[in-house]
Amino acid sequence: MRPRVLVAMSGGVDSSVAAALVAESGAEAVGVTMKLLGREGVGFGCCGSPADVQDAKRVCEKLGISHYTVDMAELFNDAVIKPFIDAYAAGRTPNPCVECNRKVKFGHLLGLAQAWGCDTVATGHYARVEGGRLLRSRDEAKDQTYFLYALTARELGKVSFPVGGLSKDEVRAKARELGLKTADKPESMETCFVPGRDVKGFLAAHGVAPQPGRVVNAAGETLGEHAGYAGLTVGQRKGLGVTTKAPVFVTRIEPETNTVVVGGKDETFSKGLTATGVTWTGAAPGAPTRIHARIRHRHAPAAALLTVAGETASLSFEAPQASVTPGQAVVFYAGDEVLGGGTIVRGEPS
Amino acid sequence: MTAYFDHNATTPVRPEVVDAMLPWLREGFGNPNSVYSLGQKARAAVERARAQAAGLLGAADESEVVFTSGGSESDVLAIAGAAWQARDESGGKRRKVVTSAIEHDAVRLLVSQLRRRGFEVVEAGCGADGVVDLDAMTKAATDDAAVVSLMHSNNETGVLQPVAALAAALKGRGVLLHTDAVQSAGKVPLSVKTLGVDLLALSGHKLNAPKGVGALWVRKGTRLSPVVTGHQERNRRGGTENVASIVGFGLACELAARELEAHAARDLQLRRRVEAAVLAIPGSRVNGGGERLPNTVHASFEGLDGHHLVVALDLEGVCASSGPACSSGASTPSHVLTAMGVDPVRSTGSIRLSTGWGTTDADLERLLAVLPKAVERLRGKVPA
């Protein structure tokens, strides 16, 4: 029996080509587009907006494969949007893509795929799986493993990333060669459910009303007033509402006192960090291990010593790192391989 | 091979119907309204089809049949046409439309339009069995009512509706009664004499004719304001006749009438086997009570989403339906089941299986082999 592969299709070029490659491999490709937003939220370009669903359908017709839509708006709201809002309200900077991958794509959708008799789920992510190991994509600039660290052995045996071995240019060329209508579709860079990248507006619309508070320096001296800390991010320089001679950056957010702490560039560096909710793609390291850690998407992995205690991990960097941001993911690498990762709780000031 | 269990959505066109149509797409392309013989031949074909359609309904006069583009248009011509006409003739007094809460969207969306344009709309509810509240409809049809519309059978549950009883109750009230019989034609006997209605809608593609053709039966003497204006169809429906499709539709009506008993008996036999298979699955039930179409099973399964089940069945080569909204990927609770008081969770865990001409024992075997496994797998899937 030829394998049946569910291809999660956003309506973009990467998942379109992923579907084409699955179909070319001789497997039975089944295209699925998830509707992630409720009816009131579908006015903008997003996973499963009506226009994107139509694009995915046209691609599947061209490839001669089946396509279905599944409504996961309720799950997406509970597992991704609500925690996103809660995190900002608590002064953290959430990473919704990690949660979407963990709970929606490689959680619920993977479960559905198995119920539908699919052997694997393929997506258009730039990453590779080889022998159950999660590896960075060939196109280093496009690598998306930062968002995929939460995959464990259970999922890694059932997923594939067909474009992980290609560059973006090769993906577009393949789409053009096949005459797929998504070949030249622009890339979406924003958080898919936040219209126009307006995080503050989105939070305000979802009950996180901005509360003005103090902006202080490390010594506790008031420098000015912020318009509400929700939406601010550690390392951020602009939009703080203070004027100082030397540029200042957010170094810490203290929700309990509604205070934003700022400092000079040097004060944004951390010599280490603590992370929670840590998961592993394979076995957890038993003893302190030298690894490279990525603390944000596209951050050049920094050498660090990793110590694990249950679901908590602490890192000490060989060289201090700028803007360690609570709420963001930290991902551990050994060369190209993703070992695991977790959510940053706090940085350790250097 | 695909095992097709969605005859209530559309049906395959019978080969003899295709054969009958082809000459009218090729050499017989004339306009039935033309003077020359090429047109006369087309006219004769259309009129033969009219007699065949009248025959299916037991209509005394074939001129009572108006060809349309299908069931939706027939419903619009009947309801809007009657409502506008009655309002105008009564000097604005008759401005109420009475219908049920379980009608097809063709009717539901139309009456909500009429409501926006000044008509009062009353939608009678139904019981837990899916039978519309006859008393409520009768009471709502006061002397300011322009038209009353009740479907002959429900497209989702297959539950037959008390159309004849409603017609008897409305006798002498001067209000027109329409029935959407799209889902009943060819499945249960349809006689306009017995029913006592003024208007009755049919659709071609629900009885093995092509899509894009249908008819409205209009009792002689009934005045309707046309929707598609023009001289054709005795001024009731404009537009050059869709000759080939009308010919196909006519033949399909004749075949449906001739084979009604045999098909109904066969469908009923299949339905019983489908129902037995459904009920053998724990946590399942068949929706709708009273008398139902012989070909329709509407089933609910606890602990799953009907849309997911439809996809699972399709991947194993079985076509079924989880309701009109399924293309959106959302199993929204059906308005019919909501009207029956079915809770939304059970409602979204439902699918419809409908048989018809061409359903084979092999199809049934396929369904019976695939359905229990698909239900079990969906129930056991990794939770969110």
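Analyst: Happy to. Please keep in mind that this is a predicted model. Let's begin with the sheet itself.

In chain B, seven strands form an open sheet in the order 2-8-7-6-5-3-4, and their pairing is mixed. Strand 2 (65–68) and strand 4 (120–124) of chain B are the edge strands, each pairing on one side only. On average, neighbouring strands of this sheet are turned by 20 degrees against each other, direction ignored.

Strand 3 (residues 96–100) and strand 5 (residues 145–149) of chain B, by contrast, run parallel and are joined by three bridges. There, B:Val98 is partnered by B:Val148 of strand 5. In general, the strands of a sheet pair through backbone hydrogen bonds, in either a parallel or an antiparallel way.

Helix 2 (residues 37–57) of chain B has 21 residues and reaches 30 Å from its first C-alpha to its last, close to the 30 Å expected at 1.5 Å a residue. Its buried residues are B:Ala42, B:Ala45, B:Val46, B:Ala49, B:Arg50, B:Gln52, B:Ala53, B:Ala54, B:Leu56 and B:Leu57. Just after helix 2 of chain B, B:Gly58 takes a positive phi of about 65 degrees.

The axes of helix 1 and helix 8 of chain B come within 8 Å and cross at roughly 155 degrees. These two helices of chain B are therefore roughly antiparallel to each other, and their crossing is right-handed. From helix 1 of chain B, B:Glu16, B:Val17, B:Ala20, B:Met21, B:Trp24 and B:Leu25 take part, meeting B:Val243, B:Ala244, B:Ser245, B:Val247, B:Gly248, B:Leu251 and B:Ala252 of helix 8.

To get from chain B to chain A, look at helix 9 (residues 306–315) of chain B. Eight of its ten residues are buried, so this helix is largely enclosed by the rest of the structure. The buried ones are B:Gly306, B:His307, B:His308, B:Leu309, B:Val310, B:Val311, B:Ala312 and B:Leu313. Just after helix 9 of chain B, B:Gly317 has a positive phi of about 85 degrees. Now for the interface: the contact takes 13 residues from chain B and 18 residues from chain A. Helix 9 and helix 12 (361–379) of chain B each supply at least two residues of the side of chain B that touches chain A, and helix 9 gives the largest share of that side, four residues.

Chain A has an open sheet too, with five strands in the order 3-2-1-4-7 and parallel pairing. Strand 3 (66–71) and strand 7 (159–160) of chain A stand at the edges with a single partner strand each, so one side of each is left without a neighbour in the sheet. Strand 7 of chain A runs parallel to strand 4 (residues 120–122) of chain A, and two bridges join them; in this pair, A:Ala122 has A:Ser160 as its bridge partner.

Terms used
Residues numbered from 1 in each chain as written. Chains lettered and ligands numbered in written order. Predicted model: local features only at pLDDT ≥ 70, side-chain atom pairs only at ≥ 80, totals over all residues. Pairing = 2+ DSSP bridges. Axes fitted to C-alpha atoms, helices over the stretch in contact; angles between N-to-C directions. Expected span 1.5 Å × (residues − 1). Buried ≥ 20, exposed ≤ 12 C-beta atoms within 10 Å, placed from the backbone. Contact = placed C-beta atoms within 7 Å. Parallel < 35°, antiparallel > 145°, perpendicular 65-115°, else oblique. Left-handed = near helix turned anticlockwise from the far one by under 90°.
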